[in-house]
Amino acid sequence: MSRLAAFGRFWWDFVIGDDWLVAVLVATAIGATALLAAADVAAWWLLPVAVPLVLWLSLRRAIRSA
Amino acid sequence: MSTGDTFLVLSAFLASGVEFVEALTIVLAAGLARGWRSSLAGLGAATVVLAVTVVVLGPALTVIPLQALRLVVGALLLVFGLQWLRKAILRASGYKALHDEDAIFTRELADARGAAHVERAGVDWYGFTLSFKGVLLEGLEVVFIVLTFGSAQGSIPLAALGAAAALVLVAGVGIAVRAPLARVPENSMKFAVGVMLTTFGIFWSAEGAGADWPGSDAALLGVLGFVVLFSFFFVRLLRRERRSVVRPVEVEA
């Protein structure tokens, strides 16, 4: 069990890293892009708007917790 | 070679180069402190595991439909890339210590010299596992980047070419100088890799979600420029903020 937990922790650290909120917000932004695209609305602009906001939020969190 | 292909080779080269420099530091520390036999055995064993991973996963990824692959790979790269970019911006703005290959090498060397000697299968076990784990962990990032970039862009061999070029360069220089490559501008390279990963992540995840980029593949250049722009803007903003926070403390002292 501890090996399985270590394996899971490794992949979590590898992909998600220090800030899980980034993964949640990125997934939400991609989901919103898919919804817009499915409704035949131009959706390419959404991620370029969302990503700097997510990054800035994550930077503030990192600085606050330092 | 298209814009996407050029970026693919360049990104794989830069990202792999950074990881190979870090792996070289560990292999050198293990070799100098515990003997080259155990260090090179660890390097060889990790290389075999990584090669098997590529051989097994590479063809499997090419079977997945391109749009679904770009969605998953784009999302993964975006989360992964934002991790790199966040650390790089924190380093560039002074909120996080710069990555120092010399300091890491000295620490690894001291740890390796202090560990007890246990021999298994004819090699020093500490030297073997230190080298094996180091190369495997750094190498996994290379494999991840080569497979995700290559499969989403439709050419794993081109991504592998970029990584192989980085390997030849780092290994060649490493053998020649037999010291950690502290002069490699690693912090700047990590910044560039964070920018590249985020750029590809935005581009592919939007495409995978069904969005159409104006100008098709050429939009990649626009996304790259935009990511560079806001990254430098954040560095500038945080540097100014840090200076304004540090100054009153200095005045008080």
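Some ground rules. The model is predicted; local features need pLDDT of at least 70, side-chain atom pairs count only at pLDDT 80 or more, and totals for chains, interfaces and linings use all residues. Residues are numbered from 1 along each chain as its sequence is written, and chains are lettered from A, ligands numbered from 1, in the order in which they are written.

Chain A, then. It has 3 helices and 0 strands, where helices are DSSP runs of H or I with at least four residues and strands are runs of E with at least two, numbered from the N terminus. The radius of gyration, taken over C-alpha atoms, is 16 Å for chain A, well over the 11 Å from the globule rule for 66 residues, so chain A is more spread out than a compact globule. That rule is 2.2 Å times the number of residues to the power 0.38. The C-alpha trace of chain A spans about 50 × 30 × 10 Å along its principal axes.

Now the interface. 26 residues of chain A contact 27 residues of chain B; contact means C-beta atoms, placed from the backbone, within 7 Å. On chain A's side, helix 3 gives the largest share, 11 residues.

Last, confidence. pLDDT is the predictor's confidence in each residue, from 0 to 100. Chain B has a mean pLDDT of 84. Which stretch of chain B stays under 50? Residues 249–253 do, with 0 contacts beyond four places in sequence. Low-pLDDT coordinates should not be read in detail. The model scores ipTM 0.91 and pTM 0.79.

Methods: Two residues are in contact if their C-beta atoms, placed from the backbone, lie within 7 Å.
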